[in-house]
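Here is a short report for a reader who is new to this structure. Please look over the sequence and the model first.

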Amino acid sequence: MTQLALVIDLNVCVGCHACVTSCKEWNTSGDAGPLVDQNPYDADPTGTFFNRVQSFEVGEYPNTETVHFPKSCLHCEEPPCVPVCPTGASYKRESDGIVLVDYDKCIGCKYCSWACPYGVREVDAERKVMTKCTLCVDRIYNEELPEWDRKPACVRACPTNARLYGDIHDPESVVSKAIREAGGYQLMPEWGTKPANHYLPRRKTQVTIREDEVERADNPLKIDSQLPKPGQEEPSLDDVTSW
Amino acid sequence: MHPAFSVIFLTTLIGAGQGLFLALFGAESLGLLGVLPAPGSEFLALGSLIALIFLVLGLVASFFHLGRPERAWRTATKWRTSWLSREVIVLPAFMGVVFLYGVAHWFGFNPPLGTLAGGYPVLPTVLLGALGALLAIVLYITTAMIYACIKFLQEWHSPLTVVNYTVLGAASGFTLAAAYAAWAGAAGLVNFLVTVAIVLTVLGLATRAASLVRNSRIKAKSTLQTAIGVKHPKIQQKSQGFMGGSFNTREFFHHVSAAFLRGMKWVFLLAAFVIPAILLLVVLATRVDPTGVLIAAFVTQYLGLIAERWFFFAQANHPQNIYYQSVA
């Protein structure tokens, strides 16, 4: 069984909001209808977004770190928002694990948003239905796009490659490898929702360089002279002999 | 949570309507058993109409909660998993039974269908009434389970939620029934209904106080640490990602001060329990004309329950609020 998901690398996210605007642009232009804004150029602008980037300060001054934290639907493997829906508008696809809302069935009762601990569902104030991240279901299977472009809009937009996309049930996928090798984790594991999207933690980047790695022991740069030429029969070594 | 008046009116209005119907059917049953003076058919028919009016008003209020009310019929489809869907099925079914019960009494359609041991006749109104009473109880449970089943809202995720919806609804219904009986001149029923209303009101105070105590001791399961997966003890949100509001900042916050919230708690404790209980006791203990006092008791208790329901929503702290703490 396939479970498509995003893996977000907090170590390289710089909080530029490119994924937010790219998501908004793609999803407001699609067949499913616009993500409507109210007062976009006025006081108190508000509107529907599937993806937000938040910023947190970790630690105490002066030892602080800024963590930029992109947040969208996590496409849980046990989505608590789905069974509470009275109409069946909220559903999880068997084929690829994407959690979707059928905008033609949704009555806008907001109950599913109460049942989501992550706050990733937003009622569109003008369309009066619940909306959420679709994992760009209209891109990833879109045959009008070239194959390399069939990825969620946020993934395509990220300038630091902080957003990886793939099937977390395929152990050889780029996302599975990232989760396995870089310590990928889930948000609010205490609720048992099993989010499909994972996050990669911040890492300390340290390189240990010994002195002999800076200055080659076998041929220190300060000895700037012609190396001896070995005889034709003798073995030759790079950097040791001249050929 | 943001308290939505559509849902506040829905739950309080149908709660009183269900309680009134339970009171009517209780009075009819005890009348048949000879414990109470039997209430007249017209009294029961008109009482059913009042209960039906409360239920219809509640149903109308609920439509204001929906973004797309024209699709409301779809809500009956997912009863296997959704308590909201179950409520949507039970409410009209209950309304239908209340309607039939009232009609049967109004037209005096009550041919005995048989006789039980002891010589008690099996009457259609009793069968309808028993079915209605069952549906009334089931409706209390389905309404309350909509809130109690959401584990993320720890203030709601408790059997006390179901107990409170049932007891508080029934208490207001019996107070309403007592006021109606006094107004309709069914003097033989007033003391019985007032007594049950007092018992339910005091019981409601106890169970609601129990949930207040429970909620004051809740330790939130989710923290900023689990929310973003960073283990450090000191984390501060600097930006929620936007400066204007969003659905998340409107739907899940009550936007009032802590002092207002505390004040509302005392308002509902007084108005929903203490004052109605005193007024009901006055009727029992003195010889005043009960109609005015009982109507005042019901109105106070109903307004108190609106405050109670408002507080019920406002007090619930959704874990998503962790993500929306700083505008910047």
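Does A:Asp44 count as buried or exposed? A:Asp44 counts as exposed, because it has 9 C-beta neighbours inside 10 Å, and a residue with 12 or fewer falls in that class. The model is a predicted one.

**Two residues with positive phi**

A:Asp44 sits in the loop between strand 2 (37–38) and strand 3 (46–47) of chain A. Its phi is near 50 degrees, a positive value in a residue other than glycine. Most residues other than glycine have a negative phi. A:Met188 also has a positive phi, near 45 degrees. The loop that holds A:Met188 runs between helix 5 (174–181) and strand 11 (198–200) of chain A. The table sets out the two residues.

| Residue | Phi | C-beta neighbours inside 10 Å | Class |
|---|---|---|---|
| A:Asp44 | near 50 degrees | 9 neighbours | exposed |

**Chain A as a whole**

Chain A has six helices and 11 strands. It holds 243 residues, and 43% of them count as buried. Take the contacts in chain A with a separation of 6 or more: 55% of these link residues 24 or more positions apart.

**Strands 4 and 5**

Strand 4 of chain A pairs with strand 5 of chain A in the antiparallel sense, over 10 bridges. In this pairing A:Ser55 stands opposite A:His68 of strand 5. A hairpin of two residues joins the two strands. A:Pro62 has its place in that loop, between strand 4 and strand 5 of chain A. The peptide bond that joins A:Tyr61 and A:Pro62 is cis, with omega about 5 degrees. Most peptide bonds are trans.

**Where chain A meets chain B**

How many residues of chain A are in contact with chain B? The count is 46 residues of chain A, in contact with 46 residues of chain B. Strand 4 (51–60), strand 5 (63–72), helix 2 (111–114) and strand 8 (122–123) of chain A each give two or more residues to this side. Strand 4 of chain A gives the largest share, nine residues. By class, the side of chain A that touches chain B has 27 nonpolar, nine polar and 10 charged residues.

Strand 4 of chain A also pairs with strand 1 (residues 235–239) of chain B. The sense is antiparallel, over four bridges. Here A:Val58 stands opposite B:Ile235.

Technical notes:
Residues are numbered from 1 along each chain as its sequence is written. Chains are lettered from A and ligands numbered from 1 in the order in which they are written. This is a predicted model: local features need pLDDT of at least 70, side-chain atom pairs count only at pLDDT 80 or more; totals for chains, interfaces and linings use all residues. Two residues are in contact if their C-beta atoms, placed from the backbone, lie within 7 Å. Ala, Val, Leu, Ile, Met, Phe, Trp, Tyr, Cys and Pro count as nonpolar, Asp, Glu, Lys and Arg as charged, and the others, Gly among them, as polar. Two strands pair if DSSP finds at least two bridges between them. A residue is buried if 20 or more other C-beta atoms lie within 10 Å of its own, exposed if 12 or fewer, and partly exposed in between; C-beta atoms are placed from the backbone.
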